[in-house]
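Please have the viewer open as you read.

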Amino acid sequence: MNDESLREMMEMNHTSAFGWALFCCNGDREEAEEVLHSSYVQILEKGFQAFKGESSFKTWLFSIVKNNSRRRRFQLNLRVKKVQALIFRPQAETKRIEERIHESETRTRILGLLGRLSRRQRQVMQLVFYHDLTLEEAASVMGISVGSARTHYARGKSLLKDEMRKAGGDNE
């Protein structure tokens, strides 16, 4: 494949990749944009030689985004003093939560239910439901075994179903 094909594949998956970057960056749009940009630069610099075809292009792209978000978070944590993180981080999180509440009552309820799941369960649910990845692809992106992804998926789905019943919601 050539550089033009690479760019086309990136364009086709841009919306999903941004959604995944947003999730990896805990809803911080600016950070997600920077992570996605650095991911694209990395891909374009290496070209298709880096894509070995062991997974789908989308899975490969999502893995790069996840790794760049981790790397960025690690670098930011090195630069920021622990006291500043404790003071400023809760305010930013509160602001993001308030913005989400205004979007939709149903969305807020589902986000609240998702918030009760473990990080791994939320990740696999996000990849499967919002990004249309298979469990195998989600496992690859997350860097875990397929069995582990299936377990997190089943437990997360079961917990969501139980919580929705308690709240009087639908089971769909």
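Trp20 and Phe23 are both buried, where buried means under 20% relative accessible area, exposed means over 50% and partly exposed lies in between (1.4 Å probe, protein chains only). The model is a predicted one, in which local features need pLDDT of at least 70 and side-chain atom pairs count only at pLDDT 80 or more, while totals for chains, interfaces and linings use all residues. Residues are numbered from 1 along each chain as its sequence is written, and side-chain values use heavy atoms, with hydrogens and water left out.

**Aromatic pairs**

- Rings of Phe, Tyr and Trp (its six-membered ring) pair if their centres lie within 6.5 Å; planes under 30 degrees apart count as stacked, over 60 as edge-to-face and the rest as tilted.
- The count of aromatic pairs by this rule is 4.
- With ring centres 5.5 Å apart and planes at 20°, Trp20 and Phe23 are a stacked pair.
- Helix α2 holds both Trp20 and Phe23, which sit 3 residues apart, about one turn of the helix; helices here are DSSP runs (H or I, at least four residues), numbered from the N terminus.
- Phe57 and Trp60 make a tilted pair, at 5.6 Å centre to centre and 55° between the planes.
- Both Phe57 and Trp60 lie in helix α4, again 3 residues apart, or about one turn, and both are buried.
- One aromatic cluster brings together Trp20, Phe23 and Phe62.

**The nonpolar core**

- A nonpolar core is a set of buried Ala, Val, Leu, Ile, Met, Phe, Trp, Tyr and Cys residues joined through side-chain atoms within 4.5 Å.
- The largest such core has 39 residues, and those with the most contacts inside it are Trp20, Leu61, Phe62, Val124 and Leu127.
- Elements giving two or more residues to this core include α2 (14-24), α4 (57-79), α7 (119-130) and α9 (146-166).
- In soluble globular proteins, nonpolar side chains tend to be buried together.
- Which residues does Trp20 contact, leaving aside its neighbours within four places in sequence? They are Phe62, Val65, Lys66, Gln123, Gln126, Leu127, His131 and Val141, with contact meaning heavy atoms within 4.5 Å.

**Salt bridges**

- A search of the whole structure turns up 3 salt bridges, each defined as a side-chain nitrogen of Lys or Arg within 4 Å of a carboxyl oxygen of Asp or Glu.
- Arg29 pairs with Glu33, and their closest N and O atoms are 3.5 Å apart.
- Arg29 and Glu33 are separated by about one helical turn because they are 4 residues apart in helix α3.
- Arg29 counts as exposed, at 52% relative accessibility, whereas Glu33 is partly exposed at 42%.
- Arg150 bridges to Glu136, with the closest N and O atoms 2.9 Å apart.
- This pair links distant parts of the chain, since Arg150 is in helix α9 and Glu136 in helix α8, 14 residues apart.
- Arg150 is partly exposed at 43% relative accessibility, and Glu136 is partly exposed at 38%.
- Arg165 forms a salt bridge with Asp162, and the closest N and O atoms there are 3.6 Å apart.
- Helix α9 contains both Arg165 and Asp162, 3 residues apart, about one turn of the helix.
- Arg165 is partly exposed, with a relative accessible area of 45%, and Asp162 is partly exposed with 34%.
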